Amino acid sequence: MIATGTIEERLRSLVGAQHIRPGRAEDVVRGVQPSFVVEPGNERELADVLRSADESGIGVIPRGGATKLSWGNPPRRADLILSTTRLNRVIEHAWADLTVTVESGCTIQKLQETLAQHGQRLALDALWPERATVGGILSSNDTGALRLRFGGLRDLIIGVTLALPDGTLASSGGKVVKNVAGYDLPKLATGALGTLGVITRAIFRLHPLPKSAKSFCFLAKTTEEMQDLVLAIQDSKLAHTSFQALFAGAAAPEAHILFEATEAGLSAQATQLRSLLGQIPAHEVPSRVWNARQELWTQGNTQATILKITLLPADIAKTVSYIENTARSLHVSWHLVVQATGIGWLRLEPAEGLGAMIEELRTELRRGAGSLVVLQCPTELQALDSWGDAGDTLSVMRALKNQLDRHGTLNPGRFVGCI
Amino acid sequence: MDLRVASEFRKAIDARGYISSPEELGTYECDGLTNFRVMPLAVLLPSSTEQVQAIVRICHRERIPFVARGSGTGLSGGALPVENGVVISLARMNHILEVDLPNARVVVEPGVINLDVTGQVQPQEYFYAPDPSSQSVCSIGGNVAENSGGAHCLKYGFTTTHVLGLEVVLPDGSLVHLGGKTLDVPGYDLSGVFVGSEGTLGIATKVILRIVKKPECIRTLLAAFPSTNEAGAAVSDIIAAGMLPAAIEMMDNLAIQAAEAAVHANYPSCGGLLLVELDGPVAEVEALMQQVDAICAKNGASEIRVAQSDAERTLVWKGRKAAFAAMGRISPNYIVQDGVIPRTALPQVMSEIVRLSQETGLRVANVFHAGDGNLHPLVLYDRHIPGQEQAAEALSYRILELCIAAGGSITGEHGVGEEKKMMMSKMFSEPDLDTMQRVRCAFDPFQLSNPTKVFPTPRLCGEKPGEYVPHPLETAGLAERF
């Protein structure tokens, strides 16, 4: 908390009294209570607010829809919530060029609705699209099952404007998909958890909405069988859009696969899938199966621990067996949604004994070139490092932070290596 | 070069890896952009990561600038040596280290030739997707530096899409691992920043690539239009119909003539030729191909044909990929330009290019990656005619200004390098460029790695680069850094 009134007055003069308010209980960021919430009305105002905060030496937490504020370590300080809620315009949907320029506070749902008017989409399935914002999903690098076909946010973003703590508004990339002029700062901002600058606008490449789509489900008897099926499908010439496998306790492993194509193409794909699966039946399922990742947050009553894990696709069975064995010995209930890209989300509860299990799982995953990030955990696990060891690149990351946010104003302590 | 330093370099690598005689150095004085030439002090050919580290440590200690070089096919002068600097050629580090088919990953050294990656995994029906026209000779390390594209990046993405991780020797000689074999390695996306940084952030010594399963079928259609305007309208209709072809290429009449003369690709003679490639499952591709056919017919295509065999398809592509070199058949000299426009600006930009061509009396041939608006205007000239080379250069820069005015970019795949660094300030504002330079300072505070490239003016990284500078409030004891 900060005690001085000066900064508050400066901020009020920048954004107007109606756009600054004291922090409330719902603004708490992993246990830290911010003093103010400021809602600038445009990019310049936002950059000026940020510069004022930086000059005053206070900690700033950029915030979009506040859906993923628990991701990342608790902030060392959180004096000011810098909300992008008023930067919510779709600036330009150049539909004939398949690009969109959008302000960072625009929700994903609003963006997708705008794009759908011309039969297009931002090809990703983010969590809580009705509240999550462009800036929020970019900063947290949140992508879902569509990533298999369309790549991650890093592959969809083609331009970015960042507000830096010294008040600079800097753009990189542009409005064309193919562009190698200058450094790729859109990628640097993606997944940086707002620690280098505040994203004020982004430009994305778009894809057409599918002509038609069908999802299929099939079960495997064992984890190993599911592993074989995942690898066989990935090694096949099927042109699927998404592919996820669900594992939980003693339940039979279940997989979902999505095809998007013309009607003729869809029926041929379904036939090929069935021929590849042999004796294993595949039945059509509604598209809501793709909510499985989001449902990890809502199933059950307790505030569970939720992890994002990455692994090589061929290591799925090995990892699932490891989780199964350790969870059994600790009497922990677990649900895993893992995609064929090798990105998975794991729900664990209750919290007793989990601290050691998570660290061991992290070590196990790292052995196979993977990683583990804690997205949500109950307060008793608050001490867990969200990110784990950053390896030999930490010095470069710190140097980057030092260049762009020299005073450590943005999201202090929340990122890898306590950046 | 200082004899002591020369001897240290020699010790760091074996004797055959050290080149300093003027006649041998001549090979390295330029890359594919031959009108810029600088003689390096020496060329060093390491054969391991450790040797690269040893060389770079000496450079760092002695503040000797260095330029990494792959096959030297770059078209923007990215591998042009710098004054009083050395060239570090990665040509000897050309081993494919690991092929992991179940996970669709290949780990290579930077000197591996692009097409050899596909060659390695072709028997299992995989391929490495980025396909610059020089793919039979260009190296993966060079592709990483330039973020190379190619005709098929419309669907498959660029080098950056396919590089998952990198082992990099930083400009101080230390070794770091950016990204990795899995996706979303925690931390900043440093491999995303490194790819396309044109050798200014360090030297890649290992690259983890993603490979792609070959599609069930590939169909290539050729359509002949009266001019590039009708061909461009067909492209817009294909995109508007919700299709994402593997590639859409366009050539104008002059480019067709040159390609025909060079490789006899059997192209129809017309004002605008479109080459559309669809790939994927047979049923899907056939359904979409009918639509493409109808769209081309509707937009006035006088002839539409689909390559009937692999050999025919290969020939169609050979013509396209040879288009730059083929200009030698119709002009003594030419400049290859590389600009990008939003696809919808094509008719307007094309008519401006025609106007500029008439105004200057210089012929301009056009080869486009039409699907993503990447133009390759080829400005033809004769260097023996006084003033024509300068006029051609000026024209090629004016075309880039057209691209910027249309909301595009000064380079889609060839890079900024030496050639276009002065154009950067026309595309980006000072704060934009300054922010990029801050990123450079984080990797290379002494600006040793390919300095003088990409940015119009160098930026000082501060007297004590990388060190923490306390906030005035901290100094005054009013705030604390945690």
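## Basis of the model

This is a predicted model, in which local features need pLDDT of at least 70 and side-chain atom pairs count only at pLDDT 80 or more, while totals for chains, interfaces and linings use all residues. Residues are numbered from 1 along each chain as its sequence is written, chains are lettered from A and ligands numbered from 1 in the order in which they are written, and side-chain values use heavy atoms, with hydrogens and water left out.

Of the area that chain B buries against chain A, 12% is supplied by B:Asp184, B:Tyr188 and B:Arg438, more than by any other three residues. The contact (heavy atoms within 4.5 Å) takes 93 residues from chain B and 85 residues from chain A.

Seven salt bridges are counted between the two chains, a salt bridge being a side-chain nitrogen of Lys or Arg within 4 Å of a carboxyl oxygen of Asp or Glu. One of them joins A:Asp235 to B:Lys213, with the closest N and O atoms 3.1 Å apart. Among the elements that give two or more residues to the side of chain B that touches chain A are strand S9 (175–179), helix H11 (282–298) and helix H17 (430–443) of chain B; H17(B) gives the most, with ten residues.

## B:His369

B:His369 is found in strand S18 (residues 364–369) of chain B, strands being DSSP runs of E with at least two residues and helices runs of H or I with at least four, numbered from the N terminus. Because its relative accessibility is 3%, B:His369 counts as buried (under 20% relative accessible area, with a 1.4 Å probe and protein chains only). Not counting residues up to four places away in sequence, the residues that B:His369 touches include A:Lys178 of the other chain, as well as B:Glu249, B:Arg320, B:His376 and B:Glu413.

## Helix H11 of chain A

The 15 residues of helix H11 (residues 316–330) of chain A should span 21 Å at 1.5 Å a residue, which agrees with the 21 Å between its end C-alpha atoms, since the expected span is 1.5 Å times one less than the number of residues. Buried residues of H11(A) include A:Ile316, A:Val320 and A:Ile323, and the elements of chain A against which the buried residues pack include helix H8 (223–234), strand S17 (333–339) and helix H12 (354–367). Just after H11(A), A:His331 takes a positive phi of about 55°.

Conventions
Buried means under 20% relative accessible area, exposed over 50%, partly exposed in between (1.4 Å probe, protein chains only). Buried area is the accessible area (1.4 Å probe) that two parts lose on being put together, summed over both.
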